[in-house]
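Morning, everyone. Please have a look at the chain on the screen before I start.

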Amino acid sequence: EGVILQVRDLKISFTTAKGDFPAVRGISFDIGRNSIVGLVGESGCGKSVTALAIMRLLPSNAQLSGTIDFSGRNIVAMHEEEIRKLRGSEISMIFQEPLTSLNPLWKVGRQIDENLKMHTKMSGGERFRSVVDIMRDVGLPDPERLYHKYPHELSGGMRQRIAIAIAIACRPSLIIADEPTTALDVTIQAQILQLLKDINREKGSSIIFISHNFGIIREICTSVCVMYAGHLVEVAPTEKLFCGPEHPYTIGLMKAIPKIDSKGRELYDIPGKVPSITDALTGCPFEPRCEYAFERCKRELPQFKALGDQHESRCFLAGELR
Ligand code: SF4
Ligand code: MG
């Protein structure tokens, strides 16, 4: 048990020629050891930016404040060299589209090997055996042969397994998976989710699982953080959240059944749009889209209200909605 990552009052803004724009507006949450925590919300709510902040992979015009405490070390204040040692070994990330994270010019085996080379003292022979084992662990067939393939020679599902193999090679205590199955078809999606669950159970890595899909979140996560417009708006253990969501945004996301548009993208039903980071916000950021909104919501930002059993909602009506 215990907490592996503790985020406190994290704020992230981007400095541009037109001014400073906040993408994350002061969020706090804990990632427990061995847990799988979902970070849910529509795109543009700050999920990926939060993930990149934990990895310290944000562009140089990003300003951070607050703390990200990882096993007693504050990632926000770390020197570049220190974060480089951590990244890929103690914390690693899996992206939506493995083609963007894999090097197209390198054989896939070498890409897993490179991570071991950077972070361990293993010999070449030990690393080769280890890479083959890891490839087998993530369900890749005939790893000795596959080792020598290039990313474009593999299917999308196999490429994502390679990306996962790279991510787990050094046995990280935390894995951040940002929409890792969105680009895959449903069958492969289910296999990758199962693989992540197995990694969590067998290797003990905690996982931050980013998604806009509540169906997937329910299947894989132990607890959920719902994000809207740079704020956390609801936090709860998964079962608690699905039995009784307390924030109108969460309720909307759950009601909205993902639909597929002509380009194969999923669309949601909640009327209106996520505010842009250039929009000035006053009051509750969800107010323009909220069917429960009343006068006060326009003027005042609600604070988190504790509802018991680690359930919190950032709405004036928390606990009174249903
Ligand atoms: Fe809706 Fe008001 Fe609650 Fe915001 S505070 S979610 S506008 S009811
Ligand atoms: Mg994103």
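First, the ground rules. This is a predicted model, in which local features need pLDDT of at least 70 and side-chain atom pairs count only at pLDDT 80 or more, while totals for chains, interfaces and linings use all residues. Residues are numbered from 1 along each chain as its sequence is written, and chains are lettered from A and ligands numbered from 1 in the order in which they are written.

Now the domains. The assignment, which is an automatic or database one, gives domain 1 as 3-90 + 170-313 and domain 2 as 105-166. Their C-alpha centres are 29 Å apart. Where they touch, domain 1 supplies 10 residues and domain 2 supplies 11 residues; contact here means that the C-beta atoms, placed from the backbone, lie within 7 Å. On the domain 1 side there are 7 nonpolar, 3 polar and no charged residues. Nonpolar means Ala, Val, Leu, Ile, Met, Phe, Trp, Tyr, Cys and Pro; charged means Asp, Glu, Lys and Arg; the others, Gly among them, are polar.

There is also a record to mention. An unreviewed UniProt entry puts "domain: ABC transporter" at residues 7-254; positions follow the numbering used here, the feature name is shortened, and such annotations may be inferred rather than shown by experiment. That span is 41% helix and 27% strand, and its end C-alpha atoms lie 26 Å apart. Helices (H or I, at least four residues) and strands (E, at least two) are DSSP runs, numbered from the N terminus.

Next, the sheet. In what order do the strands of the open sheet lie? The order is β2-β1-β4-β5, 4 strands with antiparallel pairing. Strands pair if DSSP finds at least two bridges between them. The edges are β2 (19-32) and β5, each pairing on one side only.

Strand β1 (residues 3-16) joins β4 (residues 62-70) through 8 bridges, and Gln6 has Asp69 of β4 as its partner. Between β4 and β5 (residues 73-74) there are 2 bridges: Phe70 partners Arg73, and Asp69 partners Asn74. That hairpin has 2 residues between its strands, and Ser71 takes a positive phi near 45°.

Last, the helix. Helix α1 (residues 47-55) packs on the sheet and touches β1, β2 and β4, with its direction at about 75° to that of β2. Axes are lines fitted to C-alpha atoms, for helices over the stretch in contact, and angles run from 0 to 180 degrees between N-to-C directions.

Note on methods. Contact = placed C-beta atoms within 7 Å.
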